[in-house]
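Work through the following exercises with the chain in view, and try each task before reading its solution.

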Amino acid sequence: MVIDFHAHILPRCDHGCHSSAMAQEQLRLIKDAGTDAVVATPHFYPNEDSIASFLAGREGALDAMREKLSLQELPIVYPAAEVLVCEGLHKMKDLESLAVSGTNVILLEMPFRRWSEALINTVLGVKARGLVPVLAHINRYDLENVEPLLDKGVLAQVNAEAFAPFKNFKRYVELMREGKVVALGSDLHEAKRADYKRFLHMKKKLGAVADAVFAKTEALLKNATPLYQPNGDKAKQTQSV
Ligand SMILES: [Fe+2]
């Protein structure tokens, strides 16, 4: 099963998707590329928003998609979030509700400034809380900063952009083989076909390694509740997350 673990496809939840029509276009693009499932990861900024208001906005977007989109013809969508790590995030009430729906897997985005010890301890605190943190697009950071966290059991996701050009390509492949990189993502914003081509390029470039990563992602999402599951048990599908 091909899974895109990182995409901004929920209408008006962030700058990645402006309308239900755009969400339909994005999901069509994802489907046409042969991707079976996509984790919808609108940005959540704990320094700007509350979890309650974020979830209310996301539920509105999911309702609009249920109402307006032909979901049975589109890839499986798992509601989630891309959560910016701020110091103390691990103590935030209801943090679990930002995990991929139905799971304890949470996508964390590190800031682009220097990572303080407190910030690193925050990520470890999220893990200690019982969540499974996956660091978003580790290709955007210095691997010297990232790898100590991976050595402590934090998991990682790589964006398709990492494979063109191929800086650190070999190291990413090693991290995939070591089971530390467990997800691949398009980080799609808007419905640009050229952007999704990068995901296809990465898949092709990685070959069997990509298949092994997708299998790991699928295992992580074993209990995830989709927005709509083709031919699935409707009772299990997420209604209100
Ligand atoms: Fe993103």
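**Exercise 1. Find the place of His137 in the chain, and decide whether His137 is buried or exposed.**

Solution. Begin with the secondary structure, in which helices (H or I, at least four residues) and strands (E, at least two) are DSSP runs, numbered from the N terminus. His137 sits in the loop that runs between β7 (132-135) and α4 (143-151). This is a predicted model, in which local features need pLDDT of at least 70 and side-chain atom pairs count only at pLDDT 80 or more, while totals for chains, interfaces and linings use all residues. Residues are numbered from 1 along each chain as its sequence is written, and side-chain values use heavy atoms, with hydrogens and water left out.

Next, take the accessibility, for which buried means under 20% relative accessible area, exposed over 50%, and partly exposed in between (1.4 Å probe, protein chains only). The relative accessible area of His137 is 0%, and therefore His137 is buried.

Finally, look at the backbone: most residues other than glycine have a negative phi. His137, which is not a glycine, has a positive phi of about 30 degrees.

**Exercise 2. Which backbone nitrogen does the side chain of Gln157 reach?**

Solution. First locate Gln157, which belongs to strand β8 (residues 155-159). With a relative accessibility of 0%, Gln157 counts as buried. The side chain of Gln157 reaches the backbone nitrogen of His137, at 3.0 Å. To complete the picture, list contacts (heavy atoms within 4.5 Å); leaving aside neighbours within four places in sequence, Gln157 is in contact with residues including Phe5, His6, Leu107, His137 and Gly185.

**Exercise 3. With which side chain does the side chain of His43 make a polar contact?**

Solution. His43 lies in strand β3 (residues 43-44), and since its relative accessible area is 10%, His43 is buried. A polar contact is a pair of N or O atoms within 3.5 Å, where within protein one must be able to donate a hydrogen and the other to accept it, and where residues adjacent in sequence count only if both atoms are side-chain atoms. The side chain of His43 makes such a contact with the side chain of Tyr45, at 3.3 Å. Beyond residues up to four places away in sequence, His43 touches His8, Asp14, His15, Phe54, Glu82, Glu109 and His189.

**Exercise 4. How many helices and strands does the chain have, and how does its radius of gyration compare with the globule rule?**

Solution. Counting the elements gives seven helices and ten strands. Taken along the principal axes, the C-alpha atoms fill a box of roughly 45 × 40 × 30 Å. Of the 241 residues, 54% count as buried, and among contacts with a separation of 6 or more, residues 24 or more positions apart account for 75%.
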